[in-house]
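Hi,

Here is the structure I promised to pass on.

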Amino acid sequence: AVNSGSSTATATLYGTYVYRWTVSGPNSGCNTTADVTVSYTEQSTVGSTQDRCATLTSAALGGNTPSAGTGTWSQVSGPGTSTFSAVNSGSSTATASAYGTYVYRWTLSSPNSVCNTTADVTVNYTEQATVGSEQDICAGLTSGALGGNTPTVGSGAWSQVSGPGSTTFSASTSGSSTATASAYGTYVYRWTLTGPNSGCNTFSDVTVNYTEQATAGADQDRCATLTSASLGGNTPSAGTGTWTQTSGPGTSTFSAVNSGSSTATASVYGTYVYRWTLSSPNSGCSTFEEVTVNYSEQATVGAEQDMCAVLTSGSLGGNTPTVGTGAWSQVSGPGTSTFSGVNSGSSTATASAYGADVYRWTITSPASGCNTFA
């Protein structure tokens, strides 16, 4: 009501307006005026909730620019403090001191601070996922703690990226979970941190090498040869296997030093111990098993003897075994015989009656798995 002192005014835009009330005399010979100022302050508005990945600085917070008065950013809540790139600008960014969920308030104030309107925006700062160092697990299928960091906002979860079998986690949403694999080998596990609104995922991977216990074949007795049969080492699921000689009277060569089924060739007869060692990819884990091979030589004896007018022979000429024992026995003859040293290759034989006697020199390996004679 333009002619009513109690009239209200409706503006087309927010801002500061000055309205004048004019009183005119009957003949318009006298006018008096008075002015009134009205500041129309709009409602504060802000941008949508933000999920920020591996950073402590937000995007523009999206506060509206006031038509009258000023706007100011403040922090309502959060685990740390925040600074604003431009505290009185709606498009300001916020930088937090610690990861977590923060609420920021955009306040529009009228020129005389009689009217304030506010709106809040939430920003979730999700940290970068981190994990522990690579692990080498010896002769076991359960890892140590995988070392994922605990999220300050959102949640974490473990998953398997690769590996020869499947895996179960002791606590799939705990950074300190352990992993149990179904088969030996190299596995990669991923720790993923997800923001509250799933608008931000960060992840990091950790490798675990599960190395099995080394195994080898049974001990061997090899007759009149310096080459073993297959040594029977198991094939590693992760890392490498290697044969070495632990003991023996000579040296040995392997047909394939990194193959479990390798054979060994010794330089001299005797007892040898060979070790099969499984090493993880980073050599952080070694397991081993040993196999003994007895290489027994062919028994040999001296030349045939003709003894005149006597019942005692010369030295029978049996070779001295490098492994195992030798023993003389009588194979045939008209009487019985005694030996001066039944286990000595250089023994003599004394017969009980004249005639042709056959004596046998037998070399027996330590495990009695190999006998040779002459």
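Let me start with the aromatics: there are 20 aromatic pairs in this predicted model. One of them is Y102 with Y125, which is edge-to-face because the ring centres are 5.4 Å apart and the planes sit at 80°. That pair links distant parts of the chain, with Y102 in strand β7 (residues 100–109) and Y125 in strand β8, 23 residues apart. Y102 is buried, at a relative accessible area of 0%, and Y125 counts as buried at 0% relative accessibility.

Another pair to look at is W243 and W276, which is tilted, with 4.9 Å from centre to centre and 35° between the planes. Since W243 lies in strand β16 (residues 240–247) and W276 in strand β19 (residues 270–279), the pair ties together parts that are 33 residues apart in sequence. W243 has a relative accessible area of 2%, so it is buried; W276 is buried too, with 0%.

Back to the tyrosines for a moment. Y102 and Y125 also belong to one aromatic cluster, together with W73, F84, Y104 and W106.

T126 is in strand β8, which covers residues 116–126. Its relative accessibility is 0%, so T126 counts as buried. Leaving out residues up to four places away in sequence, T126 touches R52, C53, A54, T55, Y99, V153, L193, G195 and C200.

The other is G15, in strand β1 (residues 15–24). G15 is buried, because its relative accessible area of 5% is under the 20% cut-off. Again not counting residues up to four places away, G15 touches V38, S39, Y40, S67 and A68. The C-alpha atoms of G15 and P111 are 9.6 Å apart, although 96 residues separate them along the chain.

As for the whole chain, the secondary structure is zero helices and 25 strands. Along the principal axes, the C-alpha atoms fill a box of roughly 185 × 25 × 25 Å.

Of the 374 residues, 36% are buried. Among contacts between residues at least 6 apart in sequence, 55% join residues at least 24 apart. The accessible surface is about 18400 Å², and carbon and sulfur atoms account for 51% of that. On charge, there are 7 positive and 17 negative, and their mean positions are 17 Å apart.

Cheers

Key
Residues numbered from 1 in each chain as written. Predicted model: local features only at pLDDT ≥ 70, side-chain atom pairs only at ≥ 80, totals over all residues. Heavy atoms only, no water. Helix = DSSP H or I, 4+ residues; strand = E, 2+ residues; numbered from the N terminus. Buried < 20%, exposed > 50% of the residue type's maximum accessible area, 1.4 Å probe, protein only. Contact = heavy atoms within 4.5 Å. Areas by Shrake-Rupley, 256 points an atom, 1.4 Å probe, with all protein chains shown as cover. Lys, Arg positive; Asp, Glu negative; His and termini not counted. Charge placed at Lys NZ, Arg CZ, Asp CG, Glu CD. Phe/Tyr/Trp six-rings, centres within 6.5 Å; stacked < 30°, edge-to-face > 60°.
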